[in-house]
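Please open the model in your viewer, colour it as you like, and keep the selection tool at hand. The tour below goes from stop to stop, saying what to select and what can be found there.

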Amino acid sequence: MKRFVIGIGGVTNGGKTTLAKSLQKHLPNCSVISQDDFFKPESEIDIDENGFLQYDVLEALNMEKMMSAVSCWMENPGSSAGPAALESAQGVPILIIEGFLLFNYKPLDTIWNRSYFLTVPYEECKRRRSTRVYEPPDPPGYFDGHVWPMYLKHRQEMSSITWDIVYLDGTRSEEDLFSQVYEDVKQELEKQNDRASLHIPGHPGSQSVDHAGF
């Protein structure tokens, strides 16, 4: 059975979850798995010499549990029952996995049919982060002392990736980002389907993808 798996990675507060949910509403037969749902309990999170909980590392996540969820979907792809899921019975099942460390976890490397990465500049990312409420809350200095350095470290690790990643400017509007990715996914699905008539409801605001990134 054909399947189509989309990865949406990127910086914290870059718009990953919003984009994934928007795509799920409009793509037939689409499910979403969020990496944030697999954080370990606070009692299992390491603490560095500054007293900062080390949440922005792979070791803070139960990736084995997440991989089990992915494997479960692969074995029995679910169907979305939303109003946009027209002719979903004929559509290729789609899984969107969104999270901040997707492309740094080797067991996922071979799963992607399409990969996207949202970027946001330092100042804007810090501003967005300050408006969010976390449990536990971010202590003073946490963004500069842990969150941003880990993002830069993991972004550097991605330089060795051998497959194509479409980089997205997370400062653009939600509608623009959705339109770009939706159109790209639609085109990729048509290619995967040997240009057969796979029906995905048209989106009036769709646009072409700039694969050069930002």
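Throughout this tour, two residues are in contact when they have heavy atoms within 4.5 Å of each other. The model is a predicted one, in which local features need pLDDT of at least 70 and side-chain atom pairs count only at pLDDT 80 or more, while totals for chains, interfaces and linings use all residues. Residues are numbered from 1 along each chain as its sequence is written, and side-chain values use heavy atoms, with hydrogens and water left out.

**The whole chain**

Begin with the cartoon view, in which the chain shows five helices and five strands; helices (H or I, at least four residues) and strands (E, at least two) are DSSP runs, numbered from the N terminus. Followed along the sequence, these elements come in the pattern β-α-β-α-β-β-α-α-β-α. Of the 214 residues, 50% count as buried, where buried means under 20% relative accessible area, exposed over 50% and partly exposed in between, with a 1.4 Å probe and protein chains only. If you look at contacts between residues at least 6 apart in sequence, 79% of them join residues at least 24 apart.

**Asparagine 13**

Next select asparagine 13, which sits in the loop between strand S1 (4-10) and H1. Is this residue buried or exposed? Asparagine 13 counts as buried, because its relative accessibility is 10%. Apart from neighbours within four places in sequence, asparagine 13 is in contact with Val120, Arg128, Arg129, Arg132 and Tyr134. With tyrosine 134 there is also a polar contact, side chain to side chain, at 3.1 Å; such a contact is a pair of N or O atoms within 3.5 Å, and within protein one must be able to donate a hydrogen and the other to accept it, while residues adjacent in sequence count only if both atoms are side-chain atoms.

The largest pocket has a volume of about 880 Å³. On a 1 Å grid over the protein atoms alone, a pocket is an open set of points with protein on both sides within 12 Å along at least five of seven lines, whereas a cavity is a set where a 1.4 Å probe fits but cannot get out, and lining residues have an atom within 4 Å of a point. Grid points are joined across faces, edges and corners, and a volume is the space filled by probe spheres set on the points.

The second largest pocket holds about 200 Å³ of space. To find it, select Arg129, Ser130, Asp138, Pro139 and Phe143, the closest to its centre among the 14 residues of its lining. Here the elements that give two or more residues are H3 and helix H4 (142-157).

**The cavity**

Now look inside, where the structure holds one cavity of 30 Å³ or more. The largest cavity has a volume of about 120 Å³, and Gly10, Phe100, Leu101, Tyr151 and His154 are the closest to its centre of the 14 residues that line it. H4 gives the most to this lining, with five residues.

**Tryptophan 112 and the aromatic rings**

For the last stop, select tryptophan 112, in the loop between strand S3 (94-98) and strand S4 (114-119). Tryptophan 112 is buried, with a relative accessible area of 11%, and its side chain reaches the backbone oxygen of leucine 108 at 3.2 Å. Leaving out neighbours within four places in sequence, its contacts include Val5, Ile97, Phe103 and Trp163.

A search of the whole structure finds twelve aromatic pairs. In one of them, the rings of phenylalanine 103 and tryptophan 112 have centres 5.4 Å apart and planes at 80 degrees, so the pair is edge-to-face; rings of Phe, Tyr and Trp (its six-membered ring) pair if their centres lie within 6.5 Å, and planes under 30 degrees apart count as stacked, over 60 as edge-to-face and the rest as tilted. Phenylalanine 103 is buried too, at 5% relative accessible area. Finally, select Phe117, Tyr122, Phe143, Trp148, Tyr151 and Tyr167, which form one aromatic cluster.
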